[in-house]
Amino acid sequence: MDKLKITGGNPLQGEVFVSGAKNAALPILIASILTSEPLNIFNVPILKDIETTIYLLNFLGVNVHKSNDSLMLCADKVTKTEAPYDLVKTMRASILVLGPLLARFGEAHVSLPGGCSIGARPVDLHIKALEKMGAKVNIHNGYIEASTAHLPNKKLIGTKIFMDQVSVTGTENIMMAATLAEGRTLIENAAREPEVEDLGNLLIQMGAKIKGLGTDNIQIDGTPSLLGTNYKVMFDRIEAGTYMTAVAAAGGRIKLKNVNPSKMESIIEKIKESGALVHINDDQIEVIKSEDKILPVNIRTGVYPLFPTDMQAQFMALNALADGPSEITETIFENRFMHVQELVRMGAHIDVKGNTSFVKGVRNLDGANVMATDLRASASLVIAGLAAKGETIIERIYHLDRGYERIEEKLNQLGAKVERIQ
Ligand code: UD1
């Protein structure tokens, strides 16, 4: 299994091109199920989760042609309406095929994702919403079996759906299903994350009638069919935020290219609070960290536009080196502090009580052997390793490969010393 060897203590200097967003690309590729015409998708990051999505789409019968960062997808001959356990267990976002399969083919058999390392993460909201749109849903042998065979023309029926809790993939699943439903669907308390908006913009280009993207009330008027189109995936704000946090922790000066700073306000504010300078310029963000001292920043995660849970672990590594105490409260997922014990192995002082971590801040972290436990936890260990004294070996970096494109190459271009070893 691959490991990452990081020799810490080198400031980061230079430019980094931010990749397309994983969390936008996944639903966008899956939206190909909604039409028999080809979709050409650009700026697709090369990641393990994208490979898994392509595998799943191929399994369903979708034709996928790949060239560099673009994909051509055509779902004119879908042969299966099933997402098997083996695929869903490796990537929870596979649940996103549920809405599109049901809306276009009137049936879907999708494995329940089960537990995952950052908490229970149920999909009850996805199921309830589709039931409210008229689908019959049974849970059988660990599978969600959904059908619209009993409905007129086998079509889902638009209705008002109130989401008890803001859910990103829940909103995306319902939005995709509603594009081919009979009549109007209103999603109340919808997710406002930029990735949901990006999917919505693709669907509009495919001919869907959607209003209210970027707000918590999304209205979708169903249409009989959708068309093919060309679309460029938005930038990955979490990848960008991870590099910003890395320079805030390890020092140096980097310029991020291919970003939209207006989608990153909560992250930019916290980076500034930590004592780094941030210059914004159209589609670029420059981060400069020349002073030694890192200021502690308190974090409370929340739904967009609040501070993203996907950046919490990276800020823990930064706070671990701060000149004073800080508190990090996780409100979205239970059990998302597994990076804490690994950071402690590197010399961090962190106590966890309930959903809050109390970080004391130490002068230096020391390189150590640590284990990646999930995607963003791995990113926090990379940041700690870059800022630490000595050598850090991170094991199980397959987690990192799920969400960061060419991470060691990008970091080495910035002057870091990172090596992939066996
Ligand atoms: C998405 C992102 C993930 C990010 C998360 C929160 C993708 C592929 N993944 O995950 O990177 O960390 O949003 O921003 O976009 N919940 C329920 N019932 C449901 C659905 C969700 O109780 O049916 C709960 C979850 O357990 C969690 C909260 O709602 O506590 C938010 O989860 P959700 O927004 O659905 O996360 P994902 O869409 O899985």
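Q: Hi! Which domains does the domain assignment give for the protein chain?
A: Domain 1 (3-18 + 243-421) and domain 2 (22-232), with bounds that come from an automatic or database domain assignment. Keep in mind that this is a predicted model: local features need pLDDT of at least 70, side-chain atom pairs count only at pLDDT 80 or more, and totals for chains, interfaces and linings use all residues. Residues are numbered from 1 along each chain as its sequence is written, and side-chain values use heavy atoms, with hydrogens and water left out.

Q: Thanks! How many residues of domain 1 are in contact with domain 2?
A: 20 residues of domain 1 are in contact with 21 residues of domain 2, where contact means heavy atoms within 4.5 Å. The C-alpha centres of the two domains are 31 Å apart.

Q: On to the core. Which residues touch the most other members of the largest nonpolar core?
A: I41, M175, L203, L256 and L386, out of 144 residues in that core. A nonpolar core here is a set of buried Ala, Val, Leu, Ile, Met, Phe, Trp, Tyr and Cys residues joined through side-chain atoms within 4.5 Å. Buried means under 20% relative accessible area, exposed over 50%, and partly exposed in between, using a 1.4 Å probe and protein chains only.

Q: Which helix gives the most to this core?
A: Helix α8 (residues 237-250), with nine residues. Helices (H or I, at least four residues) and strands (E, at least two) are DSSP runs, numbered from the N terminus.

Q: And where does the core lie relative to the domains?
A: Domain 1 and domain 2 both give residues to the core, so it lies between them.

Q: What does L386 touch?
A: Leaving out residues up to four places away in sequence, L386 touches I6, G8, G9, N10, L12, A246, A250, L411, A416 and V418.

Q: Switching to the ligand: which residues come nearest?
A: D124, S167, T169, D310 and I332, out of 19 residues around the ligand. A residue counts as near if one of its heavy atoms lies within 4 Å of the molecule or strand in question.

Q: Which helix supplies the largest share of that shell?
A: α5, with three residues. Both α5 (124-132) and α6 (168-179) supply at least two residues of the shell.

Q: Where is N319, and is it buried or exposed?
A: N319 sits in helix α10 (residues 312-320), and at 0% relative accessibility N319 counts as buried. Beyond four places in sequence, N319 touches L295, P296, V297, S326, I328, V359 and G361.

Q: Last one: what is phi of N43, and where is N43?
A: Phi of N43 is near 60°, a positive value in a residue other than glycine. N43 is in the loop between β3 (39-42) and α2 (48-60), and counts as buried at 11% relative accessibility.
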